[in-house]
Amino acid sequence: MKVVLICGVTCESRNACIEEQKNILENPVVIDETTTLEQIQQYFTDSRNVIWDQLNLYPESREQKLKFVPSGYHKTAVYVKPKKEELTSKDPVMKNMQFVAPSEFENFDCIMRYM
């Protein structure tokens, strides 16, 4: 079983990355801000492939999420960066968001940058 944490700010590339992961993984569920704790626990109890789509901006938030993941799951962090045009947009939320890229010290089996 696999869990993929999508990391980084909301942008066009993020949406494309999620769609690509849906095509790669077999019958995945997507965890987002509307998913309840009970649902998350059930997905892992049922040994489902999981795409965890919450901003996951900082190592601390990713660490908290990885605590839910049972041993035996392959843990991948995929981080996305907005296109230059998106960074220079007038969107004040995006301009003020900060992101720390995942590192080898966070207990991931694989870390990838989505381009």
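Reader: How many residues has helix α1, and how far does α1 reach from its first C-alpha to its last?

Author: In this predicted model, α1 covers residues 12-24, 13 residues in total. The helix reaches 19 Å, close to the 18 Å expected at 1.5 Å a residue.

Reader: Which residues of α1 are buried?

Author: A residue counts as buried when its relative accessible area is under 20%. In α1 this applies to Ser13, Arg14, Cys17, Ile18 and Gln21. Viewed down the helix axis, the buried residues of α1 fall within an arc of 140°, so they line one face. Glu12 and Asn23, on the other side of α1, are exposed.

Reader: Why can residues that are separated in sequence point the same way?

Author: An α-helix has 3.6 residues a turn, so residues three or four places apart point the same way.

Reader: What covers the buried residues of α1?

Author: The cover includes the strands β1 (2-7), β3 (50-52), β4 and β5 (110-114).

Reader: Let us turn to the charged pairs. How many salt bridges does the structure hold?

Author: There are three. In one of them, arginine 14 pairs with aspartate 53, with 2.9 Å between the closest N and O atoms. Arginine 14 belongs to helix α1 and aspartate 53 to the loop between β3 and α3 (59-66), so this pair ties together parts that are 39 residues apart in sequence.

Reader: Is arginine 14 buried or exposed, and what of aspartate 53?

Author: Arginine 14 has a relative accessibility of 3% and therefore counts as buried. Aspartate 53 is buried too, at 17%.

Reader: Which residue forms a salt bridge with lysine 22?

Author: Lysine 22 pairs with glutamate 19, the closest N and O atoms lying 3.2 Å apart. Because these two residues are three residues apart in α1, about one helical turn separates them. Lysine 22 is partly exposed at 34%, and glutamate 19 is partly exposed at 43%.

Reader: Where do the partners lie in the salt bridge between glutamate 106 and arginine 62?

Author: The closest N and O atoms of this pair are 2.7 Å apart. Glutamate 106 is in the loop between α5 (92-96) and β5, while arginine 62 is in helix α3; the pair thus links distant parts of the chain, 44 residues apart. Both glutamate 106 and arginine 62 are buried.

Key: Residues are numbered from 1 along each chain as its sequence is written. This is a predicted model: local features need pLDDT of at least 70, side-chain atom pairs count only at pLDDT 80 or more; totals for chains, interfaces and linings use all residues. Side-chain values use heavy atoms; hydrogens and water are left out. Helices (H or I, at least four residues) and strands (E, at least two) are DSSP runs, numbered from the N terminus. The expected span of a helix is 1.5 Å times one less than its number of residues. Buried means under 20% relative accessible area, exposed over 50%, partly exposed in between (1.4 Å probe, protein chains only). The arc is that of the directions from the helix axis to the C-beta atoms. Contact means heavy atoms within 4.5 Å. A salt bridge is a side-chain nitrogen of Lys or Arg within 4 Å of a carboxyl oxygen of Asp or Glu.
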